[in-house]
Amino acid sequence: MRSSSAHFPRLLASASLLLFTLYNLPFSKAQDSSDAEADVSLATASISVDSIASRNGQWYACKCYPGDRCFPSSTVWTRFNTTVGGNLQVALPPGAPCYNNLGGLNTYDSAKCAEVQANWSNEQWNTDHPISNLWPYWTNDTCRAFPGSPSDTCTRGFYGNYVVLAKTRQHVKATIDFARIYNLRLVIRNTGHDFMGRSTGYGSLILNTHSFKDVSFTKSYSGPGSYRGGAVTVGAGIQGRELLRLAHAQNPPVVFVGGECPTVGFAGGYIQGGGHGPLSSFYGMAADQVLAFEVVTASGLYLTVNERLFPELFWALKGGGPSTFAAVISVTVKTFPDLPAAAFGFDLNFTHTLDPNVYWKGVDAFHSRANRWVENKMFVYYELMPFRLHVQPFVGPNMTKAQIEEVVKPMLDELDAEGIPYSAWSKEYSSFHDLYLDAFEDEASGMSALIGGRLYTQKDIAENAAGVNAAQRFAAENGGFIIGHVVGPGVGMPSADNAVNPKWREAASFSIMSYTIEGNATLQAKATAQNLVTNVIGQRLRDASPNGAAYVNEGDLEEPNWQEAYWGSNYRRLYFLKKLWDPLGVFYARTTPGTEGWEIIDDGTRLCKKLF
């Protein structure tokens, strides 16, 4: 028979969970459409001894998963479905219609399978799917859309179990309350445009906010603060190109600071991580433009948040991390009159030379001038691998064709003088809207990869451009694919009162480093790839840029000292605010403020809080 002392850690953990759960119950009937007494009776559902676990001497309090006694029964799920207006669905991976069954469910549908396969690389189709992750590495990729036979095995992998396709803010609140009360892992998913697996989670309840498409423009903002220019209030489900077209339809047309990729969800993780894009060197980060949020907090409160109302939360939501402080219903941001612009495109690849020295000398001539590009308030998007440098486009806001050609002339002169062949083009546009639709290329989904990345400051480029370029060459020659953004938000907005890493004010260039590996690779293969990304390639990038940083939305989940790398001097304040606004950890996204005390155990499945 066990001694009573053996049960003490479990009892202590259960008591702690009970106190935290009671603290976070909804306390206002005006705020809550559900019955308060029912909430109290349900609260004990999350307090179960079997959610306590021990691994290698470490005690954990875990979220509740299928098979645990604390996991909601089918009756409770049915009642919850009524609460959210019938918008609860069983979460099925996008590839499920191509298989006979998934976990006892008959899923095969030849027509739907054909649709999935035809659209697997279509970003927009995937963003419109209830749970699809555009890059499937973090889903474990165990239900591929192209099986050898429908009788092959399909499992959820690291996708969630249920999804709420929220249509109203009441649905958002009800989902957050349900996840908190039943101690479920909650994943907020808008578009699934996510390199880092934060839009998916094993055994989770997924809150899908993609249907929040309301957009409202004003020519004169009248909210708190001194700003009285144009603004737009954007629902959480709106995407970048979708909003750009709506902005262009205004009279007169307007623009905003949005992302480079057209399918990025504008109001959610993009802005909460900071948000850079084609107009950032001209106006600053997307988070710099925020005037207000409408949110639902971890405790189920509806809040309007701005510089006067809950200013500390307002500060944190502007760059403090995705899915961290609250679920965003809408955001209000500044707009600006649309402006003429010019674009320049540049290619250097295997059709021009097969001499590696010639090729990399040409790459150096381009990237060593990153400071010049941002000093002229330009943004440059490029892709880099051995014998393929594709730059499309250089963006010159408020420039003519002649002006952008003058800015890039020193680079072309150097290439010509060195006898380095290339292809180039330039074009002038009457509006940024027209440039964006014409010059930016659509991207594909469905690739499985780990990513890392590095933000290079203007000082890094000025003092060690050769070293930075050599590190990027090392990455490319060791299996990495560089997705580059020459961008200087500090030129457009030298300072801002928000949680964005101050290093962004010094930025000249930011690179994503992608390394291909299948999601269903062995654990050993994944560990080997992660070591290469973090400790080999990643270390070379860090060594070459001692003044640099990393970016929370497009970075390495194993980034050393990620708190400093992602947020710099802002981190301590963010950590405190996370504990204040979400003491239970209802919201979780890996490597965001306050997640040091959490760990995903059992081969990437169970999310647990460390206890002792």
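Colleague: What is the relative accessible area of G492, and which class does the residue belong to?
Modeller: This is a predicted model, in which local features need pLDDT of at least 70 and side-chain atom pairs count only at pLDDT 80 or more, while totals for chains, interfaces and linings use all residues. Residues are numbered from 1 along each chain as its sequence is written, and side-chain values use heavy atoms, with hydrogens and water left out. A residue is buried under 20% relative accessible area, exposed over 50% and partly exposed in between (1.4 Å probe, protein chains only). G492 has a relative accessible area of 21%, so its class is partly exposed.

Colleague: In which helix does G492 lie, and which residues does G492 touch?
Modeller: Helices (H or I, at least four residues) and strands (E, at least two) are DSSP runs, numbered from the N terminus. By that numbering, G492 belongs to helix α16, residues 489-492. Contact means heavy atoms within 4.5 Å. Leaving aside residues up to four places away in sequence, G492 touches S280, S281, F282, Y283 and G284.

Colleague: How far apart in space are G492 and P97?
Modeller: Along the sequence, 395 residues separate G492 and P97. Taken from C-alpha to C-alpha, their separation in space is 48 Å.

Colleague: What distance separates the end C-alpha atoms of helix α11?
Modeller: The expected span of a helix is 1.5 Å times one less than its number of residues. Helix α11 has 12 residues, 356-367, and should therefore span 16 Å. The model agrees with this expectation, because the end C-alpha atoms are separated by 16 Å.

Colleague: Which residue caps the N-terminal end of α11?
Modeller: A polar contact is a pair of N or O atoms within 3.5 Å; within protein, one must be able to donate a hydrogen and the other to accept it, and residues adjacent in sequence count only if both atoms are side-chain atoms. Here a side-chain oxygen lies 2.9 Å from the backbone nitrogen of N357. That oxygen belongs to the capping residue, D355.

Colleague: Which residues of α11 are buried?
Modeller: An α-helix has 3.6 residues a turn, so residues three or four places apart point the same way. In α11, the buried residues are Y359, W360, G362, V363, A365, F366 and H367.

Colleague: Is N469 buried or exposed, and which residues does N469 touch?
Modeller: N469 is found in helix α15, residues 458-477. Its relative accessibility is 5%, and therefore N469 counts as buried. Not counting residues up to four places away in sequence, N469 touches D364, H367 and S368.

Colleague: At what angle do helices α7 and α14 pack?
Modeller: Two packed helices are described by the angle between their axes and the distance between the axes. Axes are lines fitted to C-alpha atoms, for helices over the stretch in contact, and angles run from 0 to 180 degrees between N-to-C directions. For α7 (residues 240-248) and α14 (residues 432-439), the axes are 10 Å apart and the angle is about 145°.

Colleague: How do the residues of the contact of α7 with α14 divide?
Modeller: Ala, Val, Leu, Ile, Met, Phe, Trp, Tyr, Cys and Pro count as nonpolar, Asp, Glu, Lys and Arg as charged, and the others, Gly among them, as polar. On this basis, the division is 4 nonpolar, 2 polar and 3 charged.

Colleague: Where does P393 lie?
Modeller: The peptide bond from Q392 to P393 is cis, with omega near 0°. P393 itself is placed in strand β18, residues 388-397.

Colleague: What is phi of N183?
Modeller: N183 is in the loop between α6 and β7 and is buried, because its relative accessible area is 11%. Its phi is positive, in a residue other than glycine, with a value near 55°.
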